[in-house]
Amino acid sequence: MAQQTSDSAARIVYKISSELKALSMVYPVTSKLFSIKLIESRMKYMDSKTRLRAIRVINCIQTGKPYKL
């Protein structure tokens, strides 16, 4: 028989980062602008190939056209 754990031990809790908290105070989380600003805020940590892909994703969000490889 499997051993039972308490609810608090079995739960995985997601901690919201400070950048997400700050952005969510300025922009609605469901808006396109929130997504764009979040990607832009993380671009400084990306390598060049990932940064180019992020720019294309931002362009797709703005125009509404699908991302093509």
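**View 1. Tyr27 and the residues it touches.** Leaving aside residues up to four places away in sequence, Tyr27 touches Leu33, Phe34 and Lys37, where contact means heavy atoms within 4.5 Å. This is a predicted model, so local features need pLDDT of at least 70, side-chain atom pairs count only at pLDDT 80 or more, and totals for chains, interfaces and linings use all residues. Residues are numbered from 1 along each chain as its sequence is written, and side-chain values use heavy atoms, with hydrogens and water left out. Tyr27 sits in the loop between helix 2 and helix 3; helices here are DSSP runs of H or I with at least four residues, strands are E runs with at least two, and both are numbered from the N terminus. From Tyr27 to Lys37 it's ten residues in sequence and 9.0 Å in space, C-alpha to C-alpha.

**View 2. Helix 2 meets helix 3.** The axes of helix 2 (residues 18-26) and helix 3 (residues 32-42) come within 10 Å and cross at roughly 145°. Those axes are lines fitted to C-alpha atoms over the stretch in contact, with angles running from 0 to 180 degrees between N-to-C directions. Helix 2 brings Glu19, Leu20, Leu23 and Ser24 to the contact, and helix 3 brings Phe34, Lys37, Leu38, Ser41 and Arg42.

**View 3. The buried side of helix 3.** Which residues of helix 3 are buried? They are Phe34, Ile36, Leu38 and Ile39, with buried meaning under 20% relative accessible area (1.4 Å probe, protein chains only). Their cover includes helix 2 and helix 4 (48-63). Across the 69 residues of the protein chain, 16% count as buried.

**View 4. Arg56 over a ring.** Arg56 lies over the face of Tyr67, 4.5 Å from the ring centre. To qualify, NZ of Lys or CZ of Arg has to be within 6 Å of the ring centre and within 35 degrees of the ring normal.

**View 5. The chain overall.** The protein chain has four helices and zero strands, in the pattern α-α-α-α along the sequence. Of its contacts with a separation of 6 or more, 12% come from residues 24 or more positions apart.

Key: Buried < 20%, exposed > 50% of the residue type's maximum accessible area, 1.4 Å probe, protein only.
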